[in-house]
Amino acid sequence: MADNPSPVNSKPDDALPVSEGSKARQLLGMKGAADGETSIWKIRLQLMKPITWIPLIWGVLCGAASSGYFVWSVDHVVAAFACMLMAGPLLTGYTQTINDYYDRDLDAINEPYRPIPSGAIGLGQVQVQIWVLLLGGIGVAYGLDRWAQHDFPMLTALALGGSLVSYIYSAPPLKLKQNGWLGNYALGASYIALPWWAGHALFGQLNPTVIVLTLLYSMAGLGIAVVNDFKSVEGDEALGLKSLPVMFGVGTAAWICVLMIDIFQAGMAVYLMVIHKNLYAVLLILMIIPQITFQDMYFLRDPLTNDVKYQASAQPFLVIGMLILGLALGHTDYLVS
């Protein structure tokens, strides 16, 4: 549900020529894009911000690992890919499109090259895209419930619940993104907890321990979500949105961001020690150390300039840490039902 989460793994902006880099950023939905695209299908893809699909797809993988029941068989692999399609291109694409629809005034200030404020696509076409992606995602979720022979349609319920959160995040009157804490936690939970639950429920039985752990882990996702607020400070101030950089100032918000990311990952490592998964705990700690290094090198020194560079450098270690936790839970007998 992020406005524009940064890539899990990408080249720095200065690694590409200006024209090539701006076109790539435009298609992926990243900051610093250029306008002028005329292909309707590329415009629709730009609305869906493909770069934001990656954390959801990864979350499904982590959930499948934590279930303890995923095996490398054809039917399991196909089901996992279908779940990734639901969580990534379809429902995240829906989320990003509806966010652009309701944020068109804000984007006109912060990112005027976006498809709607630039006039590249009409509002009626955007509405059709929203409904196609939403219904497609719910349809795939229902099919996965049938494949898994669920008595209760858990995947469908998660798809409906996540879609509702996406709507109230972007749309008035609630528009959760107006509140830096609520909006960013909704964002973090949607990028960590929801796809994790979907992957876990597809192959195993979702249990309270996994639910609580992933909701806590989503506090680190809140920190990641705050990183994306630094690109929008000017527009947020103009439209009265209470993002953390607006409420606390850039310097304080940067510290809040990195502390949320580090503390809650460290908390997961402590939990793994408590359940005697010490090797996994050590591996997770090793993933936190380079993130702290990049926070000091880039983000804390100049969050307004280095937000994308920091994310591209540090976020791969965060998502590998997520998989480490998932594998640890999948090898914990009393969590597997």
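Analyst: Leaving aside neighbours within four places in sequence, Pro115 is in contact with Ile43, Gln46, Leu47, Asp100, Ala120 and Ile121, where contact means heavy atoms within 4.5 Å. This is a predicted model, in which local features need pLDDT of at least 70 and side-chain atom pairs count only at pLDDT 80 or more, whereas totals for chains, interfaces and linings use all residues. Residues are numbered from 1 along each chain as its sequence is written, and side-chain values use heavy atoms, with hydrogens and water left out.

Pro115 itself is found in the loop between helix H5 (104–110) and helix H6 (123–148). Helices here are DSSP runs of H or I with at least four residues, strands are runs of E with at least two, and both are numbered from the N terminus. Pro115 counts as buried because its relative accessibility is 1%; buried means under 20% relative accessible area, exposed over 50%, and partly exposed in between, for a 1.4 Å probe and protein chains only. The C-alpha atoms of Pro115 and Val126 are separated by 9.7 Å, the two residues being 11 apart along the chain.

The chain as a whole has 15 helices and 0 strands. Of its 337 residues, 55% count as buried. Among contacts between residues at least 6 apart in sequence, 73% join residues at least 24 apart.

Two helix pairs may be described in turn. The axes of H4 (residues 74–102) and H7 (residues 154–170) come within 9 Å and cross at roughly 20°. H4 is therefore roughly parallel to H7, a label for angles under 35 degrees, with over 145 roughly antiparallel, 65 to 115 roughly perpendicular and the rest oblique. Axes are lines fitted to C-alpha atoms, for helices over the stretch in contact, and angles run from 0 to 180 degrees between N-to-C directions. Residues of H4 including Cys83, Met86 and Tyr94 meet residues of H7, among them Leu155, Ala159 and Tyr167. By class, this contact has 10 nonpolar, 5 polar and no charged residues. Ala, Val, Leu, Ile, Met, Phe, Trp, Tyr, Cys and Pro count as nonpolar, Asp, Glu, Lys and Arg as charged, and the others, Gly among them, as polar.

In the second pair, the axes of H8 (residues 180–191) and H10 (residues 208–227) come within 7 Å and cross at roughly 115°. H8 also passes H10 in a right-handed crossing. Trp181 and Leu187 are among the H8 residues that meet H10, where Leu215 and Met219 are among the partners. The contact of H8 with H10 has 9 nonpolar, 4 polar and no charged residues.

The whole structure contains 0 disulfides, a disulfide being a pair of cysteine sulfur atoms within 2.5 Å.

Backbone features complete the account. A cis peptide bond, with omega about 10°, joins Pro172 and Pro173, and Pro173 lies in the loop between H7 and H8. Lys49, with a positive phi near 45°, lies in the loop between H2 (40–48) and H3 (53–67) and counts as buried at 2% relative accessibility. His276 also has a positive phi, about 65°, but counts as exposed at 66% relative accessibility.

Notes
A crossing is left-handed if the near helix is turned anticlockwise from the far one by less than a right angle, and right-handed if clockwise.
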